[in-house]
Amino acid sequence: QVINTYKEAKDSGAEGILAFNIIANSNDLLSNLVADIGWMDNIEEDVVLGKYVKFRFGTACQKEMGESLKCYIDSIDDGLKLVGGGTQLIAESHLRSRLDKGESLEKVKDELAVYEQKLLLAEKAKSIAESCQNKMISAQFYEKYLFEVRFVILRLQGIISFCKSCLSNNN
């Protein structure tokens, strides 16, 4: 989604650093990409991710790390948040609040299925990245990336566990 948003901005004539502060303060890997993307002539997903992967991880496992990164992005993208949308609540608190207000369990079941798919993608990202470990010794952002992927896996596992608990307690 980030790439598409920037592509639309560039197609409308925008140039330069198009976002700052929130992204820069939350993830230094992403902040670098966001800073660079506004200056790129070609903002096609494969081009942007290829440059990003090469810059961050080098060329030793560029294809594999690119695939890992795509899985990681898909595990956290697509509108599902690890915190409640439009709130400062963690996902579990947001879900509990919605259930208390009478939201249907069917919607929770649907969300659970999506979270489970996201978990599979995050686990795949981790597995692919770990297969490159011996070639990533000099890649300074590799360990940080693995930390972030592992964090997302644990986060998704917690959300899934909570969803299942809510469903079992409300049946």
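Predicted model: local features only at pLDDT ≥ 70, side-chain atom pairs only at ≥ 80, totals over all residues.
Biologist: Why is Cys61 called buried?

Modeller: Buried means under 20% relative accessible area, and Cys61 has 2% relative accessibility, so Cys61 counts as buried.

Biologist: What makes Cys166 buried or exposed?

Modeller: The relative accessibility of Cys166 is 4%, and because the cut-off for buried is under 20%, Cys166 counts as buried.

Biologist: How do you know that the sulfur of Cys166 is too far from the closest cysteine sulfur for a bond?

Modeller: A disulfide is a covalent bond between the sulfur atoms of two cysteines. Here a pair must lie within 2.5 Å to be given that name, whereas the closest cysteine sulfur to that of Cys166, in Cys163, is 6.7 Å away, and therefore too far for a bond. For the structure as a whole, the number of disulfides is 0.

Biologist: Why is the pair of Asp46 and Lys70 called a salt bridge?

Modeller: Side chains of opposite charge can pair when their charged atoms come close. The cut-off is a side-chain nitrogen of Lys or Arg within 4 Å of a carboxyl oxygen of Asp or Glu, and the closest N and O atoms of Asp46 and Lys70 are 3.0 Å apart, so the pair is a salt bridge.

Biologist: What makes Asp46 exposed, and what makes Lys70 partly exposed?

Modeller: Exposed means over 50%, and Asp46 has a relative accessible area of 56%, so Asp46 is exposed. Lys70, at 34%, falls between the cut-offs of 20% and 50%, and therefore counts as partly exposed.

Biologist: How do you know that Glu106 forms a salt bridge with Lys109?

Modeller: The closest N and O atoms of Glu106 and Lys109 are 3.3 Å apart, which is within 4 Å, so the pair is a salt bridge. Both residues lie in helix H7 (residues 105-130), where they are 3 residues apart, about one turn of the helix.

Biologist: What makes Glu130 and Arg150 a salt bridge, too?

Modeller: Their closest N and O atoms are 3.1 Å apart, and because this is within 4 Å, the pair is a salt bridge. Glu130 lies in helix H7 and Arg150 in helix H8 (residues 142-169), so the pair ties together parts that are 20 residues apart in sequence. Together with Lys126, Glu130 and Arg150 are linked in a network of salt bridges.

Notes:
Residues numbered from 1 in each chain as written. Heavy atoms only, no water. Buried < 20%, exposed > 50% of the residue type's maximum accessible area, 1.4 Å probe, protein only. Helix = DSSP H or I, 4+ residues; strand = E, 2+ residues; numbered from the N terminus.
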